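This briefing sets out the fold, the chain contact and selected local features of the structure shown below.

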Amino acid sequence: MAEPLISVRGLKVALPDMTRKPLIGRAPLAEILKGLDFDLPRGSVTGIVGESGSGKSTLGRALVRLLEPSAGSISVEGRDISHLSEAELRPLRRNLQMIFQDPMSSLNPRRAIASIIAAPLKQNGLGDHLKTRVAEALQRVGLPQSFASRYRHELSGGQRQRVGIARALALSPKFVLADEIVSGLDVSTQAQILTLLEKLAAEMGLTVAFISHDLSVIRRLCRQVIVMREGRIVEASATDALFENPKEAYTRDLIAAIPLPEIDADWLRPATKAPA
Amino acid sequence: MSATCLEIRNLSAVLANGQRVLRSVSLAVEPGEVRALVGESGAGKTMIGKAVLGVLPLSVRIVEGDMLLEGENLGRLSPKARRTLIGTRTALIPQDPLTALNPSRRIGPQMTDRLVRILGWNGERADQRIRQLLEEVQIRDPDRVLKSYPHELSGGMRQRVLIAAAFAAEPRLIVADEPTTALDVTVQKQILRLIAQLQREHGTAILFVTHDLGVVAKISQKVSVLYAGKVVEEAETAALFAAPQHPYTRALMAATPRYTDPLASLKPVDEAVLAGLAAEIAAADRAWRPRHG
């Protein structure tokens, strides 16, 4: 394998802990990510899984430098971006895009879909042939051209998420962060969106960090998985290996807790310690 | 008097603009049985739960059908009589425990007051019952929980408190509306296990609303699959998973991700299935003549 697209070494992120903020003065910092090391190989989808509070979303935000690390480094194609200023980051942002969890709140209600998709293009000096580029973006995510003039509230949840994907991919980025992008969708729509993302990632050679709480979805979509808990990596390995032979007890618990759509009378029996 | 805990016959409801949201729904829940209502958003599963409890939004009007709680026709009761059923003979386990609890009161007084107000108990008896209930929902340090405000508890802990509250008066029927949707998978498993155990011990019937076929498979004995306010398939849960009959049920199962079989799951629902459903619903609406309303 060639050099990874993104390399993370000793990454720590601390954020102000507002629950411990004194009346006057600054909130003390709480360390959310406690030293992470991993690589995101080029052109593959990496799943990041964990329960609430595990730090998976904080990690995602650090990867696209919406947060500044307190220690460690994030290198994109060999260049450390962990402490770059906003001005220095701007030309790099084109290659670091994000698809949001809730397309309702991440799409501007007062702008037509065409204008939402065009915004990042204009920002990055691709304002020429805007109409063609927007049309391509819509086509790419399987939306009819007539949607260009529609507004967010006229779309279904799945269609909105397609717009979110179209916007993120309009710039043909190298890296896309997808943070719980299907958790608000019905299963039938979820299947469509994931199939679309899978297809586009393969076609465009995208490097994707796919954050999810759902291991079933990760198994289908991702080539490797990072399991997180309380700001640390519990286990990271190739997807098949992780499911067939989970090394850590926590990973085994996570997998065992998924209710599979099949009858299993023993599943709800009180926990008895399985023989090791 | 029939022994059936809850019977819904031919229930239809419309919005103010005449659009049907429930389409001649019929189902029964036997005593001590868990019936799952499963469907995607807009399927009307929550609506049925609300109709049973008598807490439908004002914009929804029931135009046809009967609901019988242990043989008693709920439609004939006065609104006041309906309200007194909630918390005594029926109860709700809500989806979001944070909004169901009063944020500005400690858990203890909040729960005691409920029992005093609804059941007319004195404070001491209510107090005792609550401690007993917290033990039943496996809360290890009841003193801390009783003194906490809702925001100081984890999601799973809050849901345990609300499960305790639901079982407090030994209701015959509990409506559980997506009670584990907001929880992490490991906590979800604990909560499902807890609901199943209490339900068995108390012989409570549960109408379990969920979008997750995985949860259906684990918690229920019977299941109704809903689409656009219509029951498209009804079966014993084991039979449904062994041999789903309706194309929509099969499509839902194929769309549900499962880590054991990644390539055969997460299949998008076929357009033909959705077209078939639309035709089925349109035909049902054409044939429908409300008896009154």
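**Helix α1 of chain B**

Helix α1 of chain B, residues 45–53, is mostly covered, with seven of its nine residues buried. The model is a predicted one.

- The buried positions of α1(B) are B:Lys45, B:Met47, B:Ile48, B:Gly49, B:Ala51, B:Val52 and B:Leu53.
- Just after α1(B), B:Gly54 adopts a positive phi of about 75°.
- Two of the buried residues of this helix, B:Gly49 and B:Val52, are also among the contacts of B:Leu207.

**Nonpolar core**

- The largest nonpolar core comprises 151 residues, and A:Phe210 and B:Leu207 have the most contacts inside it.
- Apart from its neighbours within four places in sequence, B:Leu207 is in contact with B:Leu6, B:Val29, B:Arg35, B:Leu37, B:Gly49, B:Val52, B:Leu173 and B:Val175.

**Overall form of chain A**

- Chain A contains 10 helices and 10 strands.
- The C-alpha trace of chain A spans about 65 × 50 × 50 Å along its principal axes.
- Of the 276 residues in chain A, 39% count as buried.
- Among contacts in chain A with a separation of 6 or more, 66% are accounted for by residues 24 or more positions apart.

**Contact between chains A and B**

- Chain B contributes 35 residues to the contact, and chain A contributes 31 residues.
- On the side of chain B that touches chain A, at least two residues each come from α8 (185–202), α9 (213–219), α10 (237–242) and α11 (247–255) of chain B.
- The largest share of that side, seven residues, is supplied by α8(B).
- By class, the side of chain B that touches chain A holds 18 nonpolar, nine polar and eight charged residues.

**Helix α8 of chain B**

- Buried residues in α8(B) are B:Val185, B:Val187, B:Gln188, B:Lys189, B:Ile191, B:Leu192, B:Leu194, B:Ile195 and B:Gln199.
- These buried residues pack against α10 (249–256) of chain A, and also against β3 (34–38), α7 (155–167), β7 (173–177), β8 (205–210) and α9 of chain B.
- Just after α8(B), B:Gly203 has a positive phi of about 65°.

**Strand pairing in chain B**

- Strand β1 (residues 6–15) of chain B runs antiparallel to strand β4 (residues 60–69) of chain B, and eight bridges join them.
- Within this pairing, B:Val14 has B:Arg61 in β4(B) as its bridge partner.
- β1(B) also pairs with strand β2 (residues 20–29) of chain B, in the antiparallel sense and over six bridges.
- B:Ile8 stands opposite B:Leu27 in β2(B).
- The hairpin of β1(B) and β2(B) has four residues between the strands, and B:Gly18 takes a positive phi near 90° there.

- Most residues other than glycine have a negative phi.
- A:Arg65 has a positive phi, near 55°, and lies in the loop between α1 (56–63) and β4 (71–76) of chain A.
- Is A:Arg65 buried or exposed? A:Arg65 counts as buried because it has 20 C-beta neighbours inside 10 Å.
- A:Ser172 likewise has a positive phi, near 45°, and is located in the loop between α6 (157–169) and β7 (175–179) of chain A.
- With 13 other C-beta atoms within 10 Å, A:Ser172 is partly exposed.

**B:Pro247 in helix α11**

- B:Pro247 belongs to helix α11 of chain B, one of the helices that supply residues to the side touching chain A.
- B:Pro247 is partly exposed, with 18 other C-beta atoms within 10 Å.
- Not counting residues up to four places away in sequence, B:Pro247 touches B:Val273 and B:Gly276.
- B:Pro247 and B:Gly276 are 29 residues apart along the chain, and their C-alpha atoms are separated by 8.7 Å.

Note on methods:
Residues are numbered from 1 along each chain as its sequence is written. Chains are lettered from A and ligands numbered from 1 in the order in which they are written. This is a predicted model: local features need pLDDT of at least 70, side-chain atom pairs count only at pLDDT 80 or more; totals for chains, interfaces and linings use all residues. A residue is buried if 20 or more other C-beta atoms lie within 10 Å of its own, exposed if 12 or fewer, and partly exposed in between; C-beta atoms are placed from the backbone. Two residues are in contact if their C-beta atoms, placed from the backbone, lie within 7 Å. Ala, Val, Leu, Ile, Met, Phe, Trp, Tyr, Cys and Pro count as nonpolar, Asp, Glu, Lys and Arg as charged, and the others, Gly among them, as polar. A nonpolar core is a set of buried Ala, Val, Leu, Ile, Met, Phe, Trp, Tyr and Cys residues joined through C-beta atoms within 7 Å. Two strands pair if DSSP finds at least two bridges between them.
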